[in-house]
Amino acid sequence: MPETEFKLARAGDVALVTIDNGEDYTKPTFFGRTALASLDGVLDELERGDYAALVLTGKPFVFAAGADLNEFHGASAELARDGSRAGHDLFSRLAALPFPTVAAINGACLGGGLEIALHCDARTISSAVRHVASPEVFLGIVPAWGGTQLVPRLAGVEAAVKLIVLNPLRQNRLLDAAGAVELGLADRLLGPAEFVDESIAFALDLTSEMARGRTVLEADPAGVLRRASAQIDDTVHGAAPAPYRALDLIGGAASGWTLEEGYRAEEEAVAELLPGRHAQASLYAFDLVERRAKRRPPFVANAPVRRVEKVGIVGAGLMARQIATVVLRRLEVPIVLRDVSGEQVEEALAEIRGEVDRLAAKGRYDEGKAAFLQSIVTASTAYDGFAGCDLVLEAVFEELGVKKQVLAEVEELVSPECVLATNTSSLSITDMAADLRRPERVVGMHFFNPVALMPLLELVRAAETDEATFATAYEVGSRLRKRMIVVRDAPGFVVNRVLTRLTRVLMDALEHGNSAEETDEAILGLGMPMAPSVLLAMVGPRVANHVLETMHAAFPDRFPLSPTLANFTRGDEEIVVVEHAPRTVEEIRRDALEAVADEIHRLLEEGVAAEAADVDTALLLGAGWPFFLGGITKYLDQTGVSERLFAEPFHA
Amino acid sequence: MSREVYYVDGLRTAFGRAGPKGAFWRTRADDMAVKVVRELLRRNPQLPPERIDDVAFAATAQVGDQGLTLGRDVALLAGLPETVPGFAVDRMCAGALTAVTAGAGEIALGAADVVLAGGVEHMGHHPMGEDVDFNPRFVAERLVDPSAVTMGATAENLHDRFPHLTKEDADAFAVRSQRRAAAAWANGVMRQTVVPMSVFTDEGWRVADRDEFLRPDTSMEGLAELRAPFRPGGRVTAGNSAGLTDGATACLLASGDAVEELGLEPQLRLVGFAFAGVEPELMGIGPIPATRRVLERHGLTLDDVGLFELNEPFAVQVLTWCDAFGVDPEDERLNPYGGAIACGHPLAATGIRLVAQLAYGFRERPEVRYGLTALCVGMGMGAAVLWERA
């Protein structure tokens, strides 16, 4: 990784300091040891220098993206404490400079980048900036270079809670420039064209008294903190320490701590959290979804990709409609839709076009573009217009016979190169393609509901799928902005197989006399975002039971049918207790984790997923499992489950 | 039908040394143009941006960061309303002056009330002659002497043609240019005509606020030692010519009606202009016929003109003009703030630097009524624009 330096230049009476790593904007600047050493040297010069003001800014398009996470993996408490202390000491020297200081936030400003900016007297921000955040809690730690102490003082407790605690818990939500100004993090919004020039002018106009010593008073900090605590409970259910710890630090600042006290408390907090299992699992998870999942697998990178300029969708149900909408929005190519039901076809068309209207109303499209997009979606009960398709995606009822028939009908109409994709969630794609003339052009593209929001796409390679077909499906997936894992054709693939195995344990507990409250508690206690009973209601018992039946057909021993789930599908709420032998919540949780561990172990042994990292990526992005469990295999290793079951961890 | 055309205001960036060591090496040419346009608007708040009827921007290399119909590109990047059109101009070194005369033509004809004219040349990004495909007919048919395409060689040709203009004369002119430029940076002209610009460099951000070719301590002795790169035993050196330069300029032109309506404060009235063609291998003499033509056309003589801003690509080039008109090269009316030898010559940007300095010179010399800006152009041309105090 390129080393970040602080570079000092003199512009008249102004000290102009640039955070730069000598690379372009595709390689953001991070603060590691070298950067801090460089800052130390620059502060020496600044303290000796005779300046009227200081402007601190970044290389083009990046202010600073925070601490270098590579130094965090496997960090000890001492390293964490020392790193935090070093930042506090250096940034405090910046804050103590005898002339006005301005951070000119010209681009991405994250974590430690924001904290160094907060140590300046004032902040300008370019209106083009879209990435401002304190994502530490998202990574299982807390801001520990002064963020928890300065944000409440500069912008108030409510702003601090939003920035430091709540935004990270909402999939690490980012602020744009206007949002940062609104929240009180930046003082002046400036246009990007002459941003540095105007920031210098701003700094020269600034007098120290204007900016220093501001404290924003809150009407009821205790109420804000109490509400925030309840919101954390709703999300992590006490299972992750970082958000609570961050809230305590903000509370401390509000309760009258001196900065010194606050900084020592940050140091203690990060010394505890960083080496802990939550933070380490989060760092692992972050690396999976932000780096690993964005890399194109080599066998895809080298294969020929076919152009996709027209897409057919078979089916007009819930998934088909959502897939069609996403394809229309991201690919902007003609789409033909087909369903046997004329009523469904009309409804689907109205829904897709209505979605375009909704986006146009939000300003995403102008009127002409919206009308064009609406005009390129057509639908019928026949296969009108399928002949010219480059990709046909089927999302009809999960019944092997139905799907085989659909694919056979489509094959008659389309060119030999057309890719046939199925959105099946559990059926065998190899079986589905078996009777086709060209089974090698069939591939699985398993989307998750809601399609627009869920980032995961399971890309399934059947026995005969050829390279060009797979590479084309991968390319379409990237254009749809999905993150993909590559899986081999096997019932349930990864996400549904693991989730169904887990569900089966919970149904079993119910069928042995436990209550839904107890099974919910067993899972929520891990820090899962949603109670299993709520999730089941959302997915629908029919779908869940259908998947279970498929899994049962493949692996009857591990996936016995559930009479209770069968009842639910008929709208019958009755839990069928086969034997009254209730377990404790802890026992249910243990059984659930062991079942999950066992199923993942099998997925890897069978080669359905290549690596545990793929399974974790799938669970993080396809099931919304939390970062602090590291998908799940990191947690299974950390808590000794994998060692106990298989005598070795998932991660050596 | 013809209407009066006024020069309202003009300015430039500092001029940088072309190449990796120059201040603008990592700055885009169009961003430099945007900077001068925005500063011009900031300095003239009476002018609502939507009242600009056209943006004419010159560049010699119309590719890369100087491509894409520069006038329009720069207008959009500078935040002008999308209703303001723009176009690109090329007449090599006379690019900016041609942007001015083209805009003036629009105003004179009543097609526009306010025109923003400018020029930019990033010679670091676009070395002269790069990607140019010379037609082989030029050589095969001896249409031009091969030396015509190397500007330094054309300057050596001037010494050949006018042997009484010696290297010592050229060096003395260069020393004077550097001295006058140094004095000019100490007085107000540069504060008035140069806008500082933050630029990103290998050393981080810094502010480009001073020309990089200034050498106030230049001496005859020092110049005597320099090598003549264009010809063994030649007379043209880095010391008595302008270096390869990055820079941008822009100015505002307006009709009399617009000046009145918007309350603009014009500094100059455009009297007239002329372009002329000469032997390409002697391109440096181009300003002589151009000057004659514009004076004749308006019934004036050189004695009527109280101030001259001539470009100085090569000292000998200015000397030929002085020689032709009997002007003493030391005359205080000629380049009172020094010239391109001291500040650099970013080809298509230079013309407006001359106009801006001429306007400042008028302020310092209340007795002057007429002024001339002129420069020579590669492939054998000259440009001269005659101005009157507004």
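Strands here are DSSP runs of E with at least two residues, helices are runs of H or I with at least four, and both are numbered from the N terminus. Two strands pair if DSSP finds at least two bridges between them.

A quick word on what you're looking at: this is a predicted model, where local features need pLDDT of at least 70, side-chain atom pairs count only at pLDDT 80 or more, and totals for chains, interfaces and linings use all residues. Residues are numbered from 1 along each chain as its sequence is written, and chains are lettered from A and ligands numbered from 1 in the order in which they are written.

Back to our strands: A:Cys109 sits opposite A:Val132 of E8(A). The open sheet has 3 strands in the order E4-E6-E8 (chain A), with parallel pairing. E4 (62-64) and E8 (132-133) of chain A are at the edges with a single partner strand each, so one side of each has no neighbour in the sheet.

Now to chain B: 14 of its residues are in contact with 15 residues of chain A, counting C-beta atoms, placed from the backbone, that lie within 7 Å. Helix H1 (29-43), strand E7 (197-201) and strand E8 (204-208) of chain B each give two or more residues to that side, and E8(B) gives the most, with 4 residues.

Finally, confidence: the model scores ipTM 0.91 and pTM 0.91.

Terms used: Contact = placed C-beta atoms within 7 Å.
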